Amino acid sequence: MSEDGREDEYGGAEELTHTTDEGDVQMVDVGNKPDSERRAVAAGEIRLQPSTIEAIGESEIGKGDVLATARVGAIQAVKHTWETIPMCHQIPITNVDTEFDLRDDRIELEVGVETTGKTGCEMEALEGVTTGLNVVWDMVKAVEKDADGQYPETGIENVRVLEKEKQER
């Protein structure tokens, strides 16, 4: 926030917490923050051909169970977010929920992450969504390719944080 109480152009505090006064990148020190129960939910979708959605629903994809594999990938990504996002803290994950919704032309995925700690878990939820959807793509790419080996109807879209909650202990 600026001195007059308005948000800056980024919608938050004007002070950048991941840089030093000299401009060097740093991890935010959360050591003095109290632990709290936190939850974040992220969502996204992958556009696919209707025939691919049907094949997934009927377990006819040659690589195996697409949604089960994507669920494992999403959970794995949540647990390893701190290794892929440079300034992300390693946090204790207490629960991960994944929910897939098969539509006519897309699969929607929601990932809910829970932790008890000093920092939020929205990055973990986002990593779960993007990796889960990437796993779907990997599992179905053979049937999604066109004659030229391209993916004109396939796309990962609308990845976003739906909600985040914090409850003081």
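**Exercise 1. Find out how the chain is put together.**

Step 1. Begin with contacts, meaning heavy atoms within 4.5 Å. Among those in the protein chain between residues at least 6 apart in sequence, 72% join residues at least 24 apart.

Step 2. A word on what you are looking at: this is a predicted model, where local features need pLDDT of at least 70 and side-chain atom pairs count only at pLDDT 80 or more, while totals for chains, interfaces and linings use all residues. Residues are numbered from 1 along each chain as its sequence is written, and side-chain values use heavy atoms, with hydrogens and water left out.

Step 3. Now list the elements, which are DSSP runs numbered from the N terminus (helices: H or I, at least four residues; strands: E, at least two). The chain has 4 helices and 4 strands, and from the N terminus on their order is β-α-α-α-β-β-α-β.

Step 4. Of the 169 residues, 33% are buried. Here buried means under 20% relative accessible area, exposed over 50%, and partly exposed in between (1.4 Å probe, protein chains only).

**Exercise 2. Explore the largest nonpolar core.**

Step 1. A nonpolar core is a set of buried Ala, Val, Leu, Ile, Met, Phe, Trp, Tyr and Cys residues joined through side-chain atoms within 4.5 Å. The largest one has 29 residues, and Leu-48, Ile-56 and Val-136 are among those with the most contacts inside it.

Step 2. Which element gives the most to this core? That is α4, with 8 residues.

Step 3. Zoom in on Leu-48: not counting residues up to four places away in sequence, its partners include Ile-53, Ile-56, Ile-107, Val-136 and Val-140.

Step 4. In α1, the buried residues are Thr-52, Ile-53, Ala-55 and Ile-56. Seen down the axis of α1, they fall within an arc of 160° (taken from the directions from the helix axis to the C-beta atoms), so they line one face of the helix. They pack against α2, β2, β3 and α4.

**Exercise 3. Compare Trp-137 with Lys-164.**

Step 1. Locate them: Trp-137 lies in helix α4, and Lys-164 in strand β4 (residues 155–168).

Step 2. Trp-137 counts as partly exposed because its relative accessibility is 22%. Lys-164, at 55%, counts as exposed.

Step 3. Trp-137 and Ile-46 are 91 residues apart in sequence, with 7.8 Å between their C-alpha atoms. For Lys-164 and Val-41, 123 residues apart along the chain, the C-alpha separation is 6.4 Å.

Step 4. Leaving aside neighbours within four places in sequence, Lys-164 is in contact with Arg-39, Ala-40 and Glu-122.
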